[in-house]
Amino acid sequence: MQSIGLSAKDLTVSYGDHAAVKRVSLDFSAKQVTALIGPSGCGKSTFLRSLNRMNDLIPNCTVTGEIWIRDQNINSPSTDVVSLRQKIGMVWQRPNPFHKSIYENIAFGPRYHGTKNKKKLDEIVEQSLRKAALWEETKDRLHNSALALSGGQQQRLCIARSIAVKPDIILMDEPASALDPVSTSKIEELISELKQDYCIVIVTHNMHQAARVSEKTAFFLNGEVVEYDDTPKIFTNPQRPETNDYITGRFG
Amino acid sequence: MAQSLERQKAKPHIAEEWVGKVYTLLCIAFLITTIVSIVYFVASKGLSTFFVNHVSLTNLVTGLKWSPDGQPPVFGALPFIFGSFSTSILAAVIAAPLSFCAAVFMIEIAPKFGRRYLQPVIELLAGIPSVVYGFVGLSVIVPFFRDVFPGQGVGIAAGALVLSVMILPTITTIATDALAALPKGLKEGSYALGSTRWQTIYRIVLPTTLPALMTGIVLGIARAFGEALAVQMVIGNAPHIPHSLFESASTLTSAITLSMGNTAMGSVANNALWSLALILMFMTFVFVFIVRWLEGRKKL
């Protein structure tokens, strides 16, 4: 039995009157990759964004239910959202490096959380880039603009950037869907490496990717979780007909 | 059969293309002719001060005394150049922080209220005629400065203050557009690292949009530089470099508007005014080039 990294209970997310996620309860194990799959508009990205309260930024969006990390319900109004987001990192579909140097992109988080020591920052930058398998490619040009990197490198930089603030959990919203196959396989390798240290939740449209990188898979449909089980079981022996239809490509 | 049908159909399209092409070419030719003739006219008048009347360029640009009626007449335009630059730059210094804060408020803090109510109000400022600004400056700012500071109240400070309100909409509009055009992902990326809203604005939003903000400032300065009426009404129009911000001064534009009626076409004094106009035009070109250069940097 794995320890629980993050746990959502009866989570409902609505935009105005429209409920995009309906009473979803899911447990995410630490040191595991959980994949969220489902057709477009099924609420999986919305659900993911609720987990680190990114939906707070969207006017009109209400989130009810509970999200537990250890003994803290992070969906309560008293939660300090800023320090919460240091614990839960996020990576988006489109790489979004800041218009700064590679070094400054990584140092951005730690610096504003109080690490001022240059030596310490150098160390964090190197460690994060090494973990994101980007160090060898960038160590000679740390102070060049991050925008000069390729799309795949930018995405790994964004992963390195979120690692740099030492999170427990990393949320990934289709992290490879804007990348070419080579970069995609690099990102997938990286995810497999990272799960030794982090609880990873990944939204993906690519079912092969879900099968390759994840231990557990949740199938979303119309804002609800239809099936949640070990990945091999979902893909070889799904219990629900909707899941079977989706993974065999009959819709979605 | 099918081929001939195609050919028949294609003909009106070709004619349409041709008409469109000729029409746009005519428009652009007209525009270019206008611009070239204006530049040529101002340059020929402005340069004849040096080539026909043999006033030296260095004397005009660095001379401190302006007395076209003196014996002999002296044309030192430095006080005007100084007045134009100091009022414009000071106006930008006053207006830029206000504009940036207004833009940040409208886009980042209260987007709904800001874009619906605040932005139209600020843009309204651009539509007020400059004579109204000058009038308000003359009846409110100048008496206030006269009471509070030593001097007559007129001067660079009054001019800059009036100008700063006038260029506020220019800078605010450009800053607002720049902030609104910022990719949403950048801000989210910053928030996801546990940044506060202030850190995100200060460390991501403003640095990323800096070239556009600079463009706004330069366009604001250019607008202030070319403004004549409002400044002329509050600056005092004494042709010398003042010792304080509250002492009567003059600008290139106010010198031209004040004297152009009193000089005969073709006289030295008239040509000298054209030289001032040439300087104004040249500076405007410089501002445009700066804006172009900044726009180029925006792509990073």
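Buried residues make up 36% of the 300 residues in chain B. Here "buried" means that 20 or more other C-beta atoms lie within 10 Å of a residue's own, "exposed" means 12 or fewer, and "partly exposed" is anything in between, with C-beta atoms placed from the backbone. This is a predicted model, in which local features need pLDDT of at least 70 and side-chain atom pairs count only at pLDDT 80 or more, while totals for chains, interfaces and linings use all residues. Residues are numbered from 1 along each chain as its sequence is written, and chains are lettered from A, with ligands numbered from 1, in the order in which they are written.

**Chain B as a whole**

Let's start with the big picture. Chain B has 11 helices and 2 strands. Helices (H or I, at least four residues) and strands (E, at least two) are DSSP runs, numbered from the N terminus. Reading from the N terminus, the order of elements in chain B is α-α-β-β-α-α-α-α-α-α-α-α-α.

How does the radius of gyration of chain B compare with that of a compact globule of 300 residues? Chain B comes out at 25 Å, whereas such a globule would be near 19 Å. The radius is taken over C-alpha atoms, and the globule rule is 2.2 Å times the number of residues to the power 0.38. Along its principal axes, the C-alpha trace of chain B covers about 85 × 65 × 35 Å.

Now for contacts: two residues are in contact if their C-beta atoms, placed from the backbone, lie within 7 Å. Take the contacts in chain B between residues at least 6 apart in sequence: 73% of them join residues at least 24 apart.

**Helix α3 of chain A**

Next, pick out α3(A). Why is α3(A) described as largely enclosed by the rest of the structure? Because 9 of its 11 residues are buried. Among them are I102(A), E104(A), N105(A) and F108(A). The cover over the buried residues of α3(A) includes α4 (118–131), α5 (135–138) and α6 of chain A, plus α8 (197–226) of chain B. After α3(A) comes G114(A), with a positive phi near 110°.

**Two helix pairs in chain A**

α3(A) packs against α4(A), and α6 (residues 151–163) of chain A meets α7 (residues 181–194) of chain A. Their geometry is set out here.

| Helix pair | Axis distance | Crossing angle |
|---|---|---|
| α3(A) and α4(A) | 9 Å | about 115° |
| α6(A) and α7(A) | within 9 Å | roughly 20° |

Axes are lines fitted to C-alpha atoms, for helices over the stretch in contact, and angles run from 0 to 180 degrees between N-to-C directions.

The α3(A) and α4(A) crossing is right-handed. A crossing is left-handed if the near helix is turned anticlockwise from the far one by less than a right angle, and right-handed if clockwise. On the α3(A) side the contact uses Y103(A), I106(A), A107(A), P110(A) and R111(A), and on the α4(A) side L121(A), I124(A), V125(A), S128(A) and L129(A). These residues split into 8 nonpolar, 1 polar and 1 charged. For that count, Ala, Val, Leu, Ile, Met, Phe, Trp, Tyr, Cys and Pro are nonpolar, Asp, Glu, Lys and Arg are charged, and the others, Gly among them, are polar.

What about the other pair? α6(A) passes α7(A) in a right-handed crossing. α6(A) brings G151(A), G152(A), Q155(A), R156(A) and I159(A) to the contact, while α7(A) brings S183(A), K186(A), I187(A) and L190(A). That contact has 3 nonpolar, 4 polar and 2 charged residues.

**A few loop residues**

Most residues other than glycine have a negative phi. A133(A), in the loop between α4 and α5 of chain A, has a positive phi near 55°. A133(A) counts as partly exposed, because it has 18 C-beta neighbours inside 10 Å.

In chain B, N237(B) sits in the loop between α9 (229–235) and α10 (252–259). Phi of N237(B) is positive too, near 65°. With 19 other C-beta atoms within 10 Å, N237(B) is partly exposed.

Finally, I128(B) is in the loop between α4 (111–127) and α5 (130–148) of chain B. I128(B) has 14 C-beta neighbours inside 10 Å, so it counts as partly exposed. The C-alpha atoms of I128(B) and M166(B) are 8.6 Å apart, although 38 residues separate the two along the chain.
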